[in-house]
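Open the model in a viewer and keep the selection panel at hand. The stops below go from the ligand to the open pockets.

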Amino acid sequence: MISNQSGREQWGSKVGFILAAAGSAVGLGNIWAFPYVVGSNGGAAFIFIYLLCVGIIGLPVLLAEVLLGRTTQRNPVGTFKTLSNSKFWHAVGAMGIAAGFIILSFYAVVAGWSLGYIFEAVRGVFFDFSAPTDAEAHFNSLVGNPVWIIGMLVLFMFVTMVIVLSGVRKGIEKGSKILMPLLFILLLGVMFRGITMEGSSAGLYFLFNPDWSKISAGTVLVALGQAFFTLSLGMGAMMTYGSYMSKKDNVVSSSVQIVGLDTSIALIAGVAIFSAVFAIGLDPAEGPGLIFHTLPNVFTQMAGGYVFSILFFVLLFVAALTSAMSLLEVVTAYFVDEKKWNRKKAALVLGSFALLLGLPSALSYNLMSDFTIFGLNFFDLTFYITFNIMLPLGGFLISLFLAWVWGVDKAVVELKKGAESLFEKAGWQISIWKVCVKYIAPIMIFLVLLSSIGII
Ligand code: PHE
């Protein structure tokens with residue numbers, strides 16, 4: 001086993017880290033959320049703001065997280081404990097771990113749908129529909145059935161736990177090395193099918209032709225939340241993955257590659273889905289049900305639809321699995337590092353607790369649908385709290401910590417390790433990063449958060 005001096009596991013190779021981290025980033029956020037969020041927020045103008053958030057906030061915060069993890073070789077709480085004595089910062093680490101745990105609970109519910117839809121696709125049920133509304137009715141009847149929704153949740157969580165308990169190298173890295181190339185091939189296949197459909201260009205027009213009138217302060221918050229969620233930022237997942245890196249690895253180039261992969265996969269998924277949706281004349285602003293209500297109708301109307309429907313839901317499942325692994329890894333790493341639990345026990349016990357917390361989310365679609373807090377059901381509430389509040393707030397605090405508490409100059413010294421040759425060529429890019437983590441990222445996130453609670 002490759003490990004550091006204290007015997008803690010490390011990635012077996014540089015590409016192992018990049019694939020695992022890209023696996024964390026690329027998930028339901030890219031294939032399920034990105035297309036519907038773009039569809040409901042007006043298309044190209046939203047994409048523009050989202051790309052801006054990724055470039056000037058997402059990438060700098062990603063670099064910060066990976067670097068903090070690599071420097072301390074610890075989980076998020078351990079990272080803050082190593083670099084600061086203040087209880088406040090320890091609590092920030094704990095908030096990240098809590099956010100990861102809550103996200104895992106509802107994430108696994110949607111991931112369970114993708115698993116269940118593989119079975120539906122194999123059975124060929126989509127081809128029995130006689131009207132487009134049948135797809136929506138079928139989705140509602142599936143999620144309305146507590147046995148189905150909980151069964152899929154349990155099955156999905158079980159697979160996630162088995163991979164995480166197998167270890168960083170033997171589980172997460174090995175799994176990502178198989179699953180990520182598979183995901184890429186499947187996605188290219190689905191995209192190719194989408195753009196070769198007649199009438200698909202209307203979808204491309206919607207995606208790439210901005211309508212600025214659709215942009216408001218609310219849109220900017222969604223774009224920022226989406227940037228954090230899709231890059232797995234603001235809660236310590238990237239910090240934890242960074243903690244298994246060695247000082248010989250290049251944090252800068254790896255982070256740039258992760259952002260590049262995540263962004264291109266979201267855009268490719270958008271192209272694949274919107275070209276098909278527009279080719280068939282369906283509604284792009286369908287919301288969270290977009291891929292489950294709409295795509296079955298797309299599959300029944302296209303040549304090779306049976307095979308592509310199976311491929312698509314396998315793709316969605318694979319993407320969700322590599323992200324769920326990273327969510328479970330954050331809490332697992334905390335209990336392994338700080339509480340000295342063994343990995344198997346930690347993954348099984350914590351995965352089971354996340355499953356229990358997932359139950360009310362699963363039941364939000366059936367038995368508990370009338371149970372609402374602030375007008376949101378349990379699923380929507382946990383989604384809202386993490387996506388709109390905890391992740392941006394976590395990102396804000398992490399950038400403040402790195403720049404102002406630990407100190408940006410100390411960070412740069414650490415950043416240079418493993419990236420010496422890059423520093424010679426790219427000195428000015430490093431200066432831009434310093435300005436971004438010190439000022440631009442925290443100020444922008446702060447303003448967006450204030451506007452979201454109605455203060456500005
Ligand atoms: N990035 C994942 C996705 O896009 C979700 C995720 C968020 C994973 C936070 C880990 C941490 O689906």
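## Stop 1: the ligand

Select Ala25 together with the ligand: a backbone N or O atom of Ala25 lies 2.9 Å from an oxygen atom of the ligand. Bear in mind throughout that this is a predicted model. Then show the side chain of Tyr107, which places a polar atom 2.5 Å from a ligand oxygen atom. How much of the ligand's accessible area does the protein cover? The protein covers 100% of the 320 Å² that the ligand has on its own.

Next, select the residues around the ligand. There are 14 of them, and Ala25, Leu28, Gly29, Tyr107 and Phe229 come nearest. Coloured by class, this shell shows six nonpolar and eight polar residues, with no charged ones. To see where the shell comes from, display the helices α1 (14-25), α2 (28-40), α10 (217-230) and α14 (305-338), each of which supplies at least two of its residues.

Now hide the ligand and look at the space it takes: this is the largest cavity.

## Stop 2: the largest pocket

Select Tyr36, Val37, Pro288, Phe383 and Asn388. Of the 18 residues that line the largest pocket, these lie nearest its centre. The pocket holds about 320 Å³ of space.

Which element gives the largest share of this lining? It is α16, with six residues. Display α16 as residues 378-416, along with α2 and α10; each of the three supplies at least two residues of the lining. Both α2 and α10 were also on display at the ligand, where each supplies at least two residues of the shell.

## Stop 3

Select Leu59, Leu63, Val252, Gln429 and Trp433, which lie nearest the centre of the second largest pocket, among the 15 residues lining it. The elements to display here are α3 (44-72), α12 (251-279) and α18 (427-452), which give two or more residues each to the lining. About 260 Å³ of space lies in this pocket.

What classes of residue make up this lining? Colouring shows 13 nonpolar and two polar residues, and no charged ones.

Conventions. Residues numbered from 1 in each chain as written. Predicted model: local features only at pLDDT ≥ 70, side-chain atom pairs only at ≥ 80, totals over all residues. Heavy atoms only, no water. Near = heavy atom within 4 Å. Polar contact = N/O pair within 3.5 Å; in protein donor to acceptor, adjacent residues only side chain to side chain. Areas by Shrake-Rupley, 256 points an atom, 1.4 Å probe, with all protein chains shown as cover. 1 Å grid on protein atoms, 1.4 Å probe; cavity = no way out; pocket = protein on both sides within 12 Å on 5 of 7 lines; lining within 4 Å. Sits in = over half its atoms within 2 Å of the grid points. Helix = DSSP H or I, 4+ residues; strand = E, 2+ residues; numbered from the N terminus. Nonpolar A, V, L, I, M, F, W, Y, C, P; charged D, E, K, R; others polar. Points joined across faces, edges and corners; volume = space filled by probe spheres on them.
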